[in-house]
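Hi,

Here is the structure we talked about. Please have a look, then read my notes below.

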Amino acid sequence: MFRQQLGTVTDYSARIDKLQIALRGIVGSQAAYTQAMAAAASVTRDLNIPQENAIQAMTQLSAAVKGAGGTVSDSAFAFRAVSEAVKATGGNAEQADGALLALTQVFSKGKVSAEELNQIAERLPGTFVLFAKAAGMTGPQLQKALQDGKVGLNDLMKFLQLISSEYGQIGRAHV
């Protein structure tokens, strides 16, 4: 029994090490790696997101944000904002993972599409209303802009700032 438990712990540790190596390779510098790991650790600690999920999501999001011309600070902010908002609205770690995956897809494409926004909305109630508000649009204007491919990463960052201010403290209070 002890050997089996030790094997499970060893396997988990190896997966974490592998994820940390991937994250280090994506973000580049030691300072960026430290910042990214701190972001992952904070959502694990504060929002009860499993460490393995947090590091993996942070790695994928950092790669996408970096590809879109952003920084590790941008990815850490986006990671925290979405994780807090999902948890604050009653979501769980699995829903946070799904929203972060959709967010990663948005950054990878370099623009916001209705498909990814719908994926986030499935996990974060009020997404469309809040996104429209952040972008300075009405709901119908947002729908039209999405249809025309005119919703960019600047609008996304405004949305992330809004949900961070709306849900940041609530997310931490729900834990």
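Helices are DSSP runs of H or I, at least four residues long, numbered from the N terminus. Axes are lines fitted to C-alpha atoms over the stretch in contact, and angles run from 0 to 180 degrees between N-to-C directions.

This is a predicted model: local features need pLDDT of at least 70, side-chain atom pairs count only at pLDDT 80 or more, and totals for chains, interfaces and linings use all residues. Residues are numbered from 1 along each chain as its sequence is written, and side-chain values use heavy atoms, without hydrogens or water.

**Helix packing**

Helix 5 (residues 93-109) packs against helix 6 (residues 114-123) at about 160 degrees, with the axes 8 Å apart. The two are therefore roughly antiparallel (angles over 145 degrees). Contact (heavy atoms within 4.5 Å) involves, among others, Ala99, Leu103 and Val106 of helix 5 and Gln119 and Ile120 of helix 6.

**Salt bridges**

A salt bridge is a side-chain nitrogen of Lys or Arg within 4 Å of a carboxyl oxygen of Asp or Glu. The count comes to seven. Asp46 bridges to Arg45 at 3.0 Å and to Arg80, also at 3.0 Å. The Asp46 and Arg80 pair links helix 2 (residues 30-47) to helix 4 (residues 72-88), 34 residues apart. Arg80 also pairs with Glu84 at 2.9 Å. These two sit four residues apart in helix 4, about one helical turn. Shared partners join Arg45, Asp46, Arg80 and Glu84 into one network.

Glu84 is buried at 2% relative accessible area (buried is under 20%, exposed over 50%, partly exposed in between, with a 1.4 Å probe and protein chains only). Arg80 is buried at 15%. Arg45 is exposed at 59%.

Best wishes

Notes:
Parallel < 35°, antiparallel > 145°, perpendicular 65-115°, else oblique.
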